Amino acid sequence: MTEVNKYISGFSSDVQEVLKKIRTVIKDAAPEAEESMAYGMPAYKTHGKPLVYFAGYKNHIGFYATPSGHEEFATDLSKYKQGKGSVQFPLDQPIPFDLIKRIVEFRVKENSDKAAAKRSSIKKAGK
């Protein structure tokens with residue numbers, strides 16, 4: 001059993017279903033992402049950089065896509081309680097899985113673009 005499976009299994013069955021679905025959405029949108037646990041919650045990285053995190057709570061799901069991920073989707077996220085780089089999706093409302101997918105896709109592109117720019121600058125410096 002992976003650490004993420006163990007984490008998810010610690011919740012009630014209804015919350016487990018939501019967490020499993022979010023995990024699937026992330027893995028589908030970022031198949032190359034590395035899955036691990038960080039800060040006590042499931043974490044995903046691409047190009048060695050943080051992509052997104054999520055966590056289960058009694059009344060909501062916490063979703064963390066770094067400040068840039070939240071800034072890009074500020075309008076879509078405006079109806080949810082937020083912090084810098086975090087959003088709470090209440091469990092008594094439909095979870096916006098499509099929005100989560102779009103945020104993950106945005107973060108994948110952002111990390112890929114940054115990694116490509118870094119490779120390019122290293123190449124230029126090496127000439």
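Me: How many residues does helix H2 (residues 13-29) have, and what span does it reach from its first C-alpha to its last?
Reply: A quick word on the ground rules: this is a predicted model, where local features need pLDDT of at least 70, side-chain atom pairs count only at pLDDT 80 or more, and totals for chains, interfaces and linings use all residues. Residues are numbered from 1 along each chain as its sequence is written, and side-chain values use heavy atoms, with hydrogens and water left out. Helices (H or I, at least four residues) and strands (E, at least two) are DSSP runs, numbered from the N terminus. The expected span of a helix is 1.5 Å times one less than its number of residues, and H2 comes close to its expected 24 Å, with 17 residues and a reach of 24 Å.

Me: Which residues of H2 are buried?
Reply: Buried means under 20% relative accessible area, exposed over 50%, and partly exposed in between (1.4 Å probe, protein chains only). By that cut-off, the buried residues in H2 are Val15, Gln16, Val18, Leu19, Ile22, Arg23, Val25, Ile26 and Ala29.

Me: What is the order of elements from the N terminus on?
Reply: The chain has five helices and six strands. Read from the N terminus, the elements go α-α-β-β-β-β-α-α-β-β-α.

Me: Why is strand E2 (residues 41-46) largely enclosed by the rest of the structure?
Reply: Count its residues by burial. E2 is largely enclosed because, of its six residues, the number buried is five.

Me: Which residue in E2 is the bridge partner of Glu35?
Reply: Two strands pair if DSSP finds at least two bridges between them. E1 (residues 34-38) and E2 run antiparallel, with five bridges joining them. Within that pairing, Glu35 has as its partner in E2 Tyr44.

Me: And which residue in E3 is the bridge partner of Ala43?
Reply: E2 also runs antiparallel to strand E3 (residues 49-56), joined by four bridges. The partner of Ala43 in E3 is Tyr53.

Me: What phi does Tyr39 take in the hairpin of E1 and E2?
Reply: Tyr39 sits in the loop between E1 and E2, and that hairpin has two residues between the strands. At 71% relative accessibility, Tyr39 counts as exposed. Its phi is positive in a residue other than glycine, near 55°.

Me: Is His47 buried, partly exposed or exposed?
Reply: His47 lies in the loop between E2 and E3, in a hairpin with two residues between the strands. His47 also has a positive phi, near 55°. Its relative accessible area is 45%, so His47 is partly exposed.

Me: Which residues does Asn111 touch, not counting residues up to four places away in sequence?
Reply: Asn111 lies in helix H5. With a relative accessible area of 5%, Asn111 is buried. Leaving out residues up to four places away in sequence, Asn111 touches Thr46, His47, Lys49, Pro50 and Leu51.

Me: How are the rings of Phe73 and Phe106 arranged: stacked, tilted or edge-to-face?
Reply: Rings of Phe, Tyr and Trp (its six-membered ring) pair if their centres lie within 6.5 Å; planes under 30 degrees apart count as stacked, over 60 as edge-to-face and the rest as tilted. That rule gives six aromatic pairs. For Phe73 and Phe106, the centres are 5.8 Å apart and the planes at 85°, so the pair is edge-to-face.

Me: How many residues apart in sequence are the parts that this pair ties together?
Reply: Phe73 is buried at 9% relative accessibility, whereas Phe106 is partly exposed at 23%. Phe73 lies in the loop between helix H3 (66-72) and helix H4 (74-77) and Phe106 in helix H5 (residues 97-125), so the parts they tie together have a sequence separation, in residues, of 33.

Me: Which ring does the charged end of Lys21 sit over?
Reply: A charge sits over a ring if NZ of Lys or CZ of Arg is within 6 Å of the ring centre and within 35 degrees of the ring normal. The charged end of Lys21 is 5.3 Å from the centre of the ring of Phe97.

Conventions
Contact = heavy atoms within 4.5 Å.
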